[in-house]
Amino acid sequence: MSRRLVVAAAQMGPIQLAEGRDVVVGRMVRLMETAHKRGAEVVVFPELALTTFFPRWYKEDISEAEAFYESSLPSNETAPLFEAAKKFGIGFHLGYGEIAYEPDETGVVRKRYFNTAVYVDPSGEIVFKYRKIHLPGHKEFDPNRKVQHLEKRYFEVGNLGFPVVRAPVGSAGPVNLGMLICNDRRWPEAWRVLGLQQVELVMLGYNTPAINQDNKGFEAHHLRVLHSHLAIQAGCYQNATFGVGVAKAGNEDGHELFGHSIIVNPQGEIMAQATSWSDELIVADCDLDMCKLGRTTIFNFAAHRRPEHYGRILEQTGSVPPAEWTPGKK
Ligand code: ING
């Protein structure tokens, strides 16, 4: 029996700083209802899907930003989303800012802040959680930037690794599910750790500015989308997995995030792409057995990988200059 799964990317348009969760959750429930009408069995929402992309706003004290995080999931505001999932029998991925009280590496229990994603079963049970590991941007206010990107201020590096879980999804039966968040998609190591666990569906949300905000040189706008698609298509192809990249898009209080959400197959082909920068659902019918071809031929890791030559990947964090050759040098 073929393992077919109808997957939906629920791209979301802008969320203004002043917009309440109740309005946002209402938009998400409508997207989930559309997904149900289109036969989707799993819906992927963006990174930090419940609020505006708040790391663009500097706060001296992180406690002033706590309104942007969830202390529990579900909560009164997010319960309608869990109820809709149950009503429609749909599993969903949700990205959000998480406040957690747990021990840190020294064993001290304290309040901790993460950029988090969960996969929720139609029953409403959280199947697994991932916390963003590659945090871009900076920690302190940077006067040189056009716009701040303070993820290193508002979040700790994720401490859950890159998990893959085999869980029942819709009519496909058990599926190997993995998650990445936004900037993670630019790091091939992240995809490979999922690939080494035979991932079949990578769910990833993103909030990516439509223009370069580093102010360190010109980057043509069209390259922002090219790089996002390149990273996801390569990640899927090189790890024989489906991938769903879902944007929060549009103009948030004057700051543009690009859309271009995509669903990609294990050959790296874009199966569906959003064409707006608003709330938009795209759907693809995924034959999960497509993962087998890559995993048993070109990317048969057991047969072809040579970890004994990959030492630098674990030994080094930054790059180092190469040995220098000069004519006559022995
Ligand atoms: N956003 C961006 C991303 O990785 C970024 C930040 C944009 C980094 C462009 C590098 C280049 O898509 C988040 N939230 O990670």
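**Close-up views of a predicted protein chain**

View 1. Lys 87 counts as exposed because its relative accessibility is 63%, and exposed means over 50%. The model shown here and in every view below is predicted. Helix H2 spans residues 79-88 and includes Lys 87. Pro 122 lies 35 residues away from Lys 87 in sequence. In space, the C-alpha atoms of Lys 87 and Pro 122 are 8.1 Å apart.

**View 2. The cis peptide bond between Leu 73 and Pro 74.** Omega is about 0° at the bond that joins Leu 73 to Pro 74. Most peptide bonds are trans. Pro 74 sits in the loop that runs between strand S3 (69-70) and H2. H2 is also the helix that holds Lys 87.

View 3. The phi of Leu 48 is near 40°. That value is positive, and the residue is not a glycine. Most residues other than glycine have a negative phi. Leu 48 belongs to the loop between strand S2 (42-44) and S3. With a relative accessibility of 0%, Leu 48 is classed as buried.

**View 4. The buried side of helix H4.** Helix H4 covers residues 188-195. Its buried residues are Ala 190, Trp 191, Leu 194 and Gly 195. These residues span an arc of only 140° around the axis, so they fall on the same side of H4. An α-helix has 3.6 residues a turn, so residues three or four places apart point the same way. What do the buried residues of H4 pack against? Three strands take part: S7 (164-168), S8 (174-181) and S9 (201-206). Two helices do as well: H5 (221-238) and H7 (301-304).

View 5. Gln 198 lies in the loop between H4 and S9. Phi of Gln 198 is positive, about 60°, and Gln 198 is not a glycine. Is Gln 198 buried, exposed or partly exposed? Its relative accessible area is 43%, so Gln 198 is partly exposed. Leu 48 also has a positive phi, but Leu 48 is buried.

View 6. His 229 is located in helix H5. His 229 counts as buried because its relative accessibility is 8%, and buried means under 20%. Which residues touch His 229, once neighbours within four places in sequence are left aside? They are His 260, Ile 262, Ile 270 and Gln 273.

**View 7. The whole chain, for context.** Eight helices and 15 strands make up the secondary structure of the protein chain. Its radius of gyration is 20 Å, close to the 20 Å from the globule rule for 330 residues, so the chain is as compact as a globular protein of that length. Along the principal axes, the C-alpha atoms fill a box of roughly 75 × 55 × 45 Å. Buried residues account for 52% of the 330 residues. Of the contacts with a separation of 6 or more, 68% link residues 24 or more positions apart. The accessible surface is about 15100 Å², and carbon and sulfur atoms contribute 56% of it. The chain carries 36 positive and 39 negative charges, and their mean positions are 5 Å apart.

Technical notes. Residues numbered from 1 in each chain as written. Predicted model: local features only at pLDDT ≥ 70, side-chain atom pairs only at ≥ 80, totals over all residues. Heavy atoms only, no water. Helix = DSSP H or I, 4+ residues; strand = E, 2+ residues; numbered from the N terminus. Rg over C-alpha atoms; globule rule 2.2 N^0.38 Å. Buried < 20%, exposed > 50% of the residue type's maximum accessible area, 1.4 Å probe, protein only. Contact = heavy atoms within 4.5 Å. Areas by Shrake-Rupley, 256 points an atom, 1.4 Å probe, with all protein chains shown as cover. Lys, Arg positive; Asp, Glu negative; His and termini not counted. Charge placed at Lys NZ, Arg CZ, Asp CG, Glu CD. Arc of directions from axis to C-beta.
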